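Hello,

Here is the structure for your files. My notes follow below.

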Amino acid sequence: MSKQIKISAPKGTHDILPTDVHIWQYVEKNIYDICQKFGYNEIRFPVFEQTELFNRGVGDTTDVVQKEMYTFNDKGDRSITLRPEGTASTVRSYLENNLFNTPAPVKLFYIITCYRYERPQAGRYREFRQFGVENFGSSNPLTDAEVISLAMNLLNKLGIEDLTLYINSIGCSSCRKKYNELLKSYLQMHSSELCDLCNDRVGRNPLRVLDCKNPECHDVICDAPTVDTVLCDDCKNHFEVLKQALDSIGVKYTVDNTLVRGLDYYTKTVFEIKSSDLGAQSTVCGGGRYDGLVEQLGGSSTPGIGFSVGLERLIDILTKKNLLPKQNDSVDLFVASIGDNASQAAFKLVNDLRNSGVSAEFDHLERSVKAQLKYADKTNAGYSTVLGDDEISSGVISVKNMNSGEVRDIKIEDLTAENLNF
Ligand code: HAM
């Protein structure tokens, strides 16, 4: 019989193995703790949505929508897309479930998988994970500062200090109109130096030309007028208050007038946090204000702001900086056994111990006692014991501390977590 060819995971995806899962749980626990401290509540939403949500929400001239979405027709001939990000879905859910009727601001967070058909490389995957927060109902720049400080707090809490926070304001819809005109006339003057996609975007959404990674467009993009030149007084003031608020809590930042972010929904504040540990894909967190998005998706005018952290990138930084927690997947007590009678008794004892809060394991593979104890050692069990007919009749077992080698006799009925602490 011919051997079947092994099936590998799709390109750009990766498994999180039992040896690494504690790292994810550690990061997730820190996320839960910090969100609780900042008053953000978790929201969970579907992996797939109607394609229209992202076309309208993220914007149909963005790279994400034009090039990267996993879109297909389902068996009912509906166009479905695997979520490339979480903001549009959060807004959809906020509207669909009337969360606008709950006390404002509505502060939500999520930990999700996202899907983008990108060329995989270090730090860039087709399935990746994001932690994100979204805040609805406040147009106060102090809310922008709170959202940014939540991201910085998380990263600092995990021990990452040497990050750079870049901030910018891309203005409200009327500043944007002015900037689009300015940018459009500049780009039209340089149309012969731009790629076809850029020339297509000049007419439809000139801001998106600034996302182009094509080397031939690079020089034109570098010399383009920046948005700060057209900001209205209100947007300027919003940005000033944000900067003062960040100063007041000691969050350092660099103003980058060229930062516009690659998604269409942003207004006013945009920001990114970069790490020099990450190489080409250096952005670990990106976000900003989106005061028009809720309305654009069918709600009433509601300001919003949020960010997402790429969790693979975050864990990459922790790995490079040696900031990972130790794995703790070993059991408290391994109960080895000799003979059929004792193996049944070991099974029951392990069951009783687990019910009383002690993590315990028995031999599943009918191994010799020597092999069982070797297994206990290899899997870093804290303590071990051997159960035989004598132990069953006396009700007393010898428990060995696998680290120190110390052995103590303990009555089986007295086996508790406290007694396994020597
Ligand atoms: P984004 O900049 O597209 O923003 O993604 C946020 C973060 O997700 C990036 O900074 C990066 O760390 C990570 N990321 C993005 N693409 C990939 C990929 N292919 N592989 C690995 N990691 C990736 C958003 O998604 C917005 N929804 C953020 C936001 C929330 N804005 C307001 N609220």
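Helices (H or I, at least four residues) and strands (E, at least two) are DSSP runs, numbered from the N terminus. The model is predicted, so local features need pLDDT of at least 70 and side-chain atom pairs 80 or more, while totals for chains, interfaces and linings use all residues. Residues are numbered from 1 along each chain as its sequence is written, and side-chain values use heavy atoms, without hydrogens or water.

S368 sits in the loop between strand 13 (360–362) and helix 13 (369–378). With a relative accessible area of 43%, S368 is partly exposed (buried is under 20%, exposed over 50%, partly exposed in between; 1.4 Å probe, protein chains only). From S368 to A336 the C-alpha distance is 9.1 Å, at a separation of 32 residues in sequence.

Helix 1 (residues 21–38) packs against helix 11 (residues 311–320) at about 110°, the axes being 11 Å apart. Axes are lines fitted to C-alpha atoms over the stretch in contact, and angles run from 0 to 180 degrees between N-to-C directions. The two helices are therefore roughly perpendicular (65 to 115 degrees; under 35 is roughly parallel, over 145 roughly antiparallel, the rest oblique). I23, W24, V27 and I31 of helix 1 meet L311, E312, L314, I315 and L318 of helix 11, where contact means heavy atoms within 4.5 Å.

N30 also belongs to helix 1 and is buried, at 9% relative accessibility. Beyond its neighbours within four places in sequence, N30 contacts L154, K157 and L158.

Regards
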